[in-house]
Each structure stands twice: as structure tokens, then as C-alpha cells.
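Could you take me on a walk through this structure, stop by stop? I have it open in my viewer and would like to know what to select next and what I will find there.

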Amino acid sequence: MREVVFVDGVRTPFGKAGPTGIYAETRADDLVVRCIRELLRRNPSLPAERVDEVAIAATTQIGDQGLTIGRTAALLAGLPKSVPGYAIDRMCAGAMTAVTTTASGIAFGAYDVAIAGGVEHMGHHPMGEGVDPNPRFVSEKIVDDSALVMGSTAENLHDRFPHLTKERADAFALASQQKYAAAVTAGQIGPELVPVATRSAEAGWGLATVDEPPRPNTTLAGLSTLKTPFRPHGHVTAGNAAGLNDGATGCLLAAEEVAEELGLDVGMRLVGFGFAGVEPEVMGVGPIPSTEKALARTGLSITDIGLFELNEAFAVQVLAFLDHFGIADDDARVNPWGGAIAVGHPLASSGVRLMTQLSRQFAQRPDVRYGLTAMCIGIGMGGTVIWENPNWEGAAA
């Protein structure tokens with residue numbers, strides 16, 4: 001088995017879904033194309049014909065994010081017609097699964113270099129569009145009625161763990177906004193963004209260069225007054241959950257010796273990964289067993305992890321993870337540049353956003369050896385990928 005490395009990752013600025021969002025009149029596949037082209041532009045020593053596979057994830061695989069989008073985006077991006085591609089779906093962990101699947105092919109020797117990523121245009125394709133759930137799910141009580149409504153599953157998590165209060169969730173959400181704003185100011189978020197030309201029939205041409213969802217003026221007082229749309233007098237609000245967003249991500253993976261041969265930088269080295277299933281009605285706990293599985297398979301413990309990039313679909317699910325592993329809500333290792341509550345969560349694309357940020361953090365933190373990216377997944381799953389920092393300077397004397 002060969003060592004697999006994360007060479008580089010990029011993403012479009014994330015937009016707000018809907019008719020007034022920056023990508024309201026921009027195609028989903030064009031967002032992916034921008035990411036693929038940017039990866040090749042930033043890594044000029046990589047001949048395009050050396051890309052062996054393009055795996056692109058989307059949760060709603062119809063319209064402008066259908067038609068085997070990995071292949072069509074590769075063609076639109078100008079890759080040689082000899083480069084194959086495919087589409088992949090694991091809901092929110094689509095891009096994460098695109099990475100683990102192509103990385104497995106690299107480790108096995110089937111590929112040398114691959115591009116993996118994801119896209120979600122929730123403005124064009126709302127969550128659940130075209131879905132026809134089998135009635136047996138409910139009639140035979142295979143899942144709880146709430147299992148297919150992600151916000152309701154987050155409310156269920158508050159029920160199961162009453163110590164995870166709305167006040168804690170709001171405080172975590174505020175910290176996410178503050179950390180994101182500080183990271184932008186410090187120039188930590190921005191270099192990975194790919195500018196996207198936008199078109200509006202009313203406003204004309206534009207250029208998306210920054211994320212649209214963040215709310216830097218968020219306050220605890222303001223969060224406390226927001227409505228709870230999933231349950232009267234509930235806990236989950238638009239302020240302590242990720243929004244509905246549009247965006248795309250992409251990354252370059254390679255066998256370590258191939259990266260060396262081609263003169264490609266190494267941002268991270270893949271250590272291992274795990275996916276796990278849980279009760280769909282409390283899908284937010286998914287990253288707990290997936291992390292335990294990944295740690296067990298790699299021989300590591302939670303104390304070995306020096307940086308965590310956890311997808312903030314809902315504040316409560318991150319808090320459940322932190323409590324389980326004995327990590328404080330404000331631990332500096334966790335989402336140091338903020339998370340999806342601030343920047344947004346275009347479903348299938350988010351896994352590579354987490355990885356790209358972790359890779360950039362590794363470059364600044366030679367004192368950290370291992371990092372972890374993890375996320376909850378709809379229909380009751382979790383996914384975790386563990387990475388090693390190639391810049392690690394070794395154990396302290």
C-alpha cells in the first residue's frame with residue numbers, strides 16, 4: 001500500500017442559497033469547473049494528463065449538478081478526454097467520501113493522481129428535491145418520523161443530552177462567527193478561495209471573492225431571540241446551525257512518491273478513516289463512532305489529535321462530540337478558524353473545506369503531528385478522516 005498525500009485544496013466563496021444569493025444565476029457545474037482549473041493553475045508542474053480520476057460529489061444529482069458531474073466537470077474544465085470521472089453521494093460527506101474513495105485507489109495502486117471534491121447549489125436544488133422516500137421507513141418504524149428532517153434530528157439530540165443547552169449551543173455559534181472573522185482579518189481564510197464570475201439578469205456581471213453567509217455582528221442577545229422553526233420552544237435556530245448555501249470545493253491527491261516525482265507540495269499525509277452508522281433520528285452523534293473507529297484502526301487515541309476540523313451542521317452535534325471525548329467547548333484545537341455556522345455548509349462540498357483548512361493550519365503548526373476532519377451525515381452516519389502533518393518537527397526533547 002502506498003502513502004497518500006493531500007497536495008492542495010481550493011474552494012469557491014460560499015454563497016447564500018436563494019434568489020438573492022451570489023450564485024442565484026450561476027450553474028453548479030461551473031462552480032466545480034473553477035475549482036478544477038484553479039488546482040491545475042496552482043500546481044503547474046502537474047501535467048493534466050497525469051490526473052487519473054475526477055470524483056465529484058453532489059447530494060441532489062439532477063439538473064446542473066447531475067449527468068455524472070465528475071466526468072462532465074472534467075471535460076468542461078479542459079482536462080484531456082482520456083481523464084475519466086464520476087459522481088458520488090454520501091449526503092453531507094460526499095466530498096469526504098470522494099477523497100477517501102480515490103485515496104484508497106491511490107494506495108492500492110490503481111491511480112497516481114486524483115481530483116476529488118463536491119458541489120451543492122441549494123438555491124437551484126433544495127434539500128430533498130425529487131426524493132421519494134419509501135413509505136416503509138415510517139410505516140414499519142424503520143426510522144423515527146423525524147429522521148428525514150435534519151433540524152428535527154438536532155432537536156432530538158438536545159432531548160437525548162439535556163445538558164447540551166440552547167445557551168451552550170448559542171455560545172458555540174457566536175464563537176464560530178468570531179473565530180471566522182478573526183481568521184479572515186488575519187489572512188488565514190482567503191488564499192484558498194477561487195474567484196467566481198457571476199451573472200445577474202438584473203445586476204449584470206459580478207465577481208464573488210468572499211464568503212456571503214457570515215454574520216460578524218452576531219451577539220448572544222440576538223441569538224437568544226431567534227425562532228426555533230423545527231419545534232415550538234425548541235433549541236435549534238438559524239443562528240446555531242449552518243445555513244442553506246451554494247458552493248464547490250476541490251482537492252488534489254497523489255501517491256507520495258508521485259508527488260515527489262512531479263515536484264508537488266505535500267500538505268497532509270492520510271493516516272486512516274472511518275465511517276459509521278447511528279440511529280437516523282439522532283444523526284448528529286455520527287462522528288463519535290466514526291472517530292472511535294478511525295482511531296482504533298490507526299492505533300491512535302483522541303489525545304494524539306492536535307487539531308480538529310469538525311463540520312458545524314448544528315452546534316449541538318459538535319457539542320455532543322466534544323463532551324463524549326472530554327474536550328472543552330472552547331478548546332483552541334477545535335475549529336480554530338470558525339466553522340460552518342459562520343462560513344456555510346453547501347452539503348456535499350464541505351468535507352474538502354475541512355481538509356483544506358486543516359492542511360493550511362498544519363503549515364503553520366509544526367508542533368502538531370495529527371489532525372482530524374469529521375462530520376455528521378444525513379440518514380444517521382458519521383465520517384472521520386485522520387491526517388498527519390508533514391511539517392511536524394518531532395517530539396519535544
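The tour below goes from charged pairs to cores, then to pockets, and ends at a helix. Please keep in mind that this is a predicted model.

**Stop 1**

Begin by selecting Arg2 and Asp112 and showing their side chains. They meet in a salt bridge, with 3.0 Å from N to O. Arg2 sits in the segment before strand 1 (4-11), while Asp112 belongs to the loop between helix 3 (94-108) and strand 5 (113-121), so this pair ties together parts that are 110 residues apart in sequence.

Arg50 has a relative accessible area of 22%, which counts as partly exposed.

**Stop 2: helix 8 and strand 9**

Now select Glu256 and Arg269. Their side chains make a salt bridge of 2.8 Å, N to O. Glu256 is in helix 8 (residues 256-262) and Arg269 is in strand 9 (residues 268-277), so the pair ties together parts 13 residues apart in sequence. Arg269 is buried, with a relative accessible area of 18%.

To see how salt bridges can share partners, select Arg2, Arg50, Asp112, Glu257 and Glu261 together: they are joined into one network. Across the whole structure, a search finds 21 salt bridges.

Stay in helix 8 and pick Val258. Which residues does Val258 touch, not counting those up to four places away in sequence? They are Arg2, Arg50, Asp112 and Val113. Val258 itself is buried, with a relative accessible area of 4%. For a sense of distance, pick Val149 as well: its C-alpha atom is separated from that of Val258 by 44 Å, and the two are 109 residues apart along the chain.

**Stop 3: the nonpolar cores**

Next, select Val54, Val119 and Trp387. These residues have the most contacts inside the largest nonpolar core, which has 73 residues. Helix 1 gives the most to this core, with 8 residues.

Centre the view on Val119 and show what surrounds it. Leaving aside neighbours within four places in sequence, its contacts include Ala28, Leu31, Val32, Ile56, Ile69, Ala248 and Ser349.

Then move to Val282, Phe314, Val318 and Ile341. They are among the 41 residues of another core, which lies apart from the largest one.

**Stop 4**

Which element gives the most to the lining of the largest pocket? It is helix 11, with 3 residues. Helix 5 (150-160) and helix 11 (340-343) are the elements that give two or more residues to this lining. Colour the lining by class and you will find 22 nonpolar, 7 polar and 2 charged residues.

For the second largest pocket, select Met91, Gly128, Val131, Leu148 and Ile379, which lie nearest its centre among the 16 residues lining it. This pocket has a volume of about 380 Å³. Its lining divides into 11 nonpolar, 3 polar and 2 charged residues.

**Stop 5: helix 10**

Finish with helix 10, residues 315-324. This helix is mostly covered, as 8 of its 10 residues are buried. Select Ala315, Val316, Gln317, Val318, Leu319, Ala320, Phe321 and Leu322 to see the buried ones. What covers them? Show helix 5, helix 6 (166-185), helix 9 (287-298), strand 10 (305-310), helix 11 and strand 11 (370-377), which are included in the cover.

Conventions
Residues are numbered from 1 along each chain as its sequence is written. This is a predicted model: local features need pLDDT of at least 70, side-chain atom pairs count only at pLDDT 80 or more; totals for chains, interfaces and linings use all residues. Side-chain values use heavy atoms; hydrogens and water are left out. A salt bridge is a side-chain nitrogen of Lys or Arg within 4 Å of a carboxyl oxygen of Asp or Glu. Helices (H or I, at least four residues) and strands (E, at least two) are DSSP runs, numbered from the N terminus. Buried means under 20% relative accessible area, exposed over 50%, partly exposed in between (1.4 Å probe, protein chains only). A nonpolar core is a set of buried Ala, Val, Leu, Ile, Met, Phe, Trp, Tyr and Cys residues joined through side-chain atoms within 4.5 Å. Contact means heavy atoms within 4.5 Å. Ala, Val, Leu, Ile, Met, Phe, Trp, Tyr, Cys and Pro count as nonpolar, Asp, Glu, Lys and Arg as charged, and the others, Gly among them, as polar. On a 1 Å grid over the protein atoms alone, a cavity is a set of points where a 1.4 Å probe fits but cannot get out, and a pocket is an open set with protein on both sides within 12 Å along at least five of seven lines; lining residues have an atom within 4 Å of a point. Grid points are joined across faces, edges and corners, and a volume is the space filled by probe spheres set on the points.
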